[in-house]
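The following exercises are to be worked with the sequence and the predicted model at hand. Each task is followed by a stepwise solution.

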Amino acid sequence: MPATDPPASKPPVSTLLVTLTGRDRPGVTSAVFDTLARYPVEVLDVEQVVLRGRLVLGILVTAPRDVGRLRQEVEKVGRGLGMYVETEDGAGDNRPRRSGRSHVTVLGQPLRPKAVAAIAGRISDTGANIDRIVRIARYPVVAIEMDVSGVDPDLLRQALAIEAAATHVDVAVQPAGLYRRAKRLVVLDVDSTLIQGEVIEMLAAHAGCEEEVTRVTAEAMRGELDFAESLRRRVALLAGVDAGALAEVRREVRLTPGARTLTRTLRRLGYQIGVVSGGFTQVVEPLAAELGIDFVAANRLEVADGRLTGRVEGPIVDRPGKAEALRGFAAAAGVPLSQTVAIGDGANDLDMLAAAGLGVAFNAKPVVREAADTAVSVPYLDAIIYLLGITRDEVDAADAETTETA
């Protein structure tokens, strides 16, 4: 067939933007659309927000021939509802969002105007635009999400990291698109992430060498000492400890606040969950079973004649081992690495965070915060949920539904 010229673009249609603001009440939206339905118009866009009982409703429609009469009728309906109505003529639909789209999540405890102003100002400085803002959580932290366009997400992340540190809030920047909501495997470090404290230090308390073990642990977490060597040195100090101490430590372990909410919510959404630990299977596996966790990788303490030998059985799960475990979990789950989330706090988590689609530093050491995709510094593990676009209302509604059907 002979080539044909592309059709000429049509001029933009005339449009009318109707905005209503005022005290929310039942029937506002239906009353306005009932009025619009009397005219041959098309609905091009709608957005409605309610803040503490105050409604903002925006409707963009094609303009009919008798647009003046429509404007008068809409304003009359608004006055009858006690609403302020503004109408504006224009042409065409909303401008499409520019390329370089990002989701920016801001977490604060509390979230102060100064922080929001700083973040918004830095976004503007990059030449980007905030297209939409919505609150997604009010507790245990306040979380807002911004849709931003017009700048590369990596450049935006670098710019906002400066303001996050200066204003003491957490800011996560993720490229917009389906992949953000498609992450289907979440892998967590255990010590000081899933649980509070370090298991080996709890065991050291039973051996009377807690101070020495704590010192070596701190060196390893700061990246000053090879993890495998540090683990061997610390485990050697446990030689002779009664194996019954493992059961005692299991009972003493305290989950990080929000850990149960995080794992419960992820399971409901069909996510698979894994844990990787430089700690010990004798403690980690029962904990994972309790929380319904699918995959576990950890070290195993050698036991002989009812006592710890001061050695570890098999290969050590260290920094490279954690990343390898993430890859193995993803393969077993049938999930590409781009759809995985890794969460950790120490230097031995760095390879795992780098390998995941989203690496989250949770109350982490500076070297980890700088390397991760994003950092969360509030003490609530379920704040991770908000980075996945899940709102607190959705979590609470699911919990309430489960309670009612139990």
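**Exercise 1.** Decide whether threonine 374 is buried or exposed, and describe its surroundings.

*Solution.* Step 1: the relative accessibility of threonine 374 is 4%. Step 2: the cut-off for a buried residue is under 20%, and threonine 374 therefore counts as buried. Step 3: locate the residue in the secondary structure; threonine 374 belongs to strand E15, residues 374–376. Step 4: list its contacts, leaving aside neighbours within four places in sequence. These are Val171, Ala172, Leu358, Gly359, Val360, Ala361 and Leu387.

**Exercise 2.** Identify the residues with the most contacts inside the largest nonpolar core, and examine valine 376.

*Solution.* Step 1: the largest nonpolar core comprises 62 residues, and those with the most contacts inside it are Leu188, Leu194, Leu203, Val376 and Tyr386. Step 2: with neighbours within four places in sequence set aside, valine 376 is in contact with Leu107, Asp170, Val360, Ala361, Phe362, Asn363, Ala383, Ile384 and Leu387. Step 3: another core, of 23 residues, lies apart from the largest one; among its members are Leu326, Ala330, Leu350 and Ala364.

**Exercise 3.** Determine how the buried residues of helix H9 are arranged about its axis.

*Solution.* Step 1: in H9, residues 244–252, the residues Ala245, Leu246 and Val249 are buried. Step 2: viewed down the axis of H9, the buried residues fall within an arc of 105°, so they line one face of the helix. Step 4: the packing partners of the buried residues of H9 are helix H6 (199–207), helix H11 (281–291), strand E11 (295–304) and strand E12 (307–313).

**Exercise 4.** Characterise the largest cavity by volume, lining and residue class.

*Solution.* Step 1: the structure holds 1 cavity of 30 Å³ or more, and the volume of the largest cavity is about 130 Å³. Step 2: its lining consists of 17 residues, of which Asp191, Glu198, Phe227, Gly278 and Gly279 are the closest to its centre. Step 3: at least two lining residues come from each of helix H7 (210–221), helix H8 (227–236) and strand E10 (272–280); E10 gives the most, with 4 residues. Step 4: sorted by class, the lining of the largest cavity has 6 nonpolar, 5 polar and 6 charged residues.

Methods. Residues are numbered from 1 along each chain as its sequence is written. This is a predicted model: local features need pLDDT of at least 70, side-chain atom pairs count only at pLDDT 80 or more; totals for chains, interfaces and linings use all residues. Side-chain values use heavy atoms; hydrogens and water are left out. Buried means under 20% relative accessible area, exposed over 50%, partly exposed in between (1.4 Å probe, protein chains only). Contact means heavy atoms within 4.5 Å. The arc is that of the directions from the helix axis to the C-beta atoms. A nonpolar core is a set of buried Ala, Val, Leu, Ile, Met, Phe, Trp, Tyr and Cys residues joined through side-chain atoms within 4.5 Å. On a 1 Å grid over the protein atoms alone, a cavity is a set of points where a 1.4 Å probe fits but cannot get out, and a pocket is an open set with protein on both sides within 12 Å along at least five of seven lines; lining residues have an atom within 4 Å of a point. Grid points are joined across faces, edges and corners, and a volume is the space filled by probe spheres set on the points. Ala, Val, Leu, Ile, Met, Phe, Trp, Tyr, Cys and Pro count as nonpolar, Asp, Glu, Lys and Arg as charged, and the others, Gly among them, as polar.
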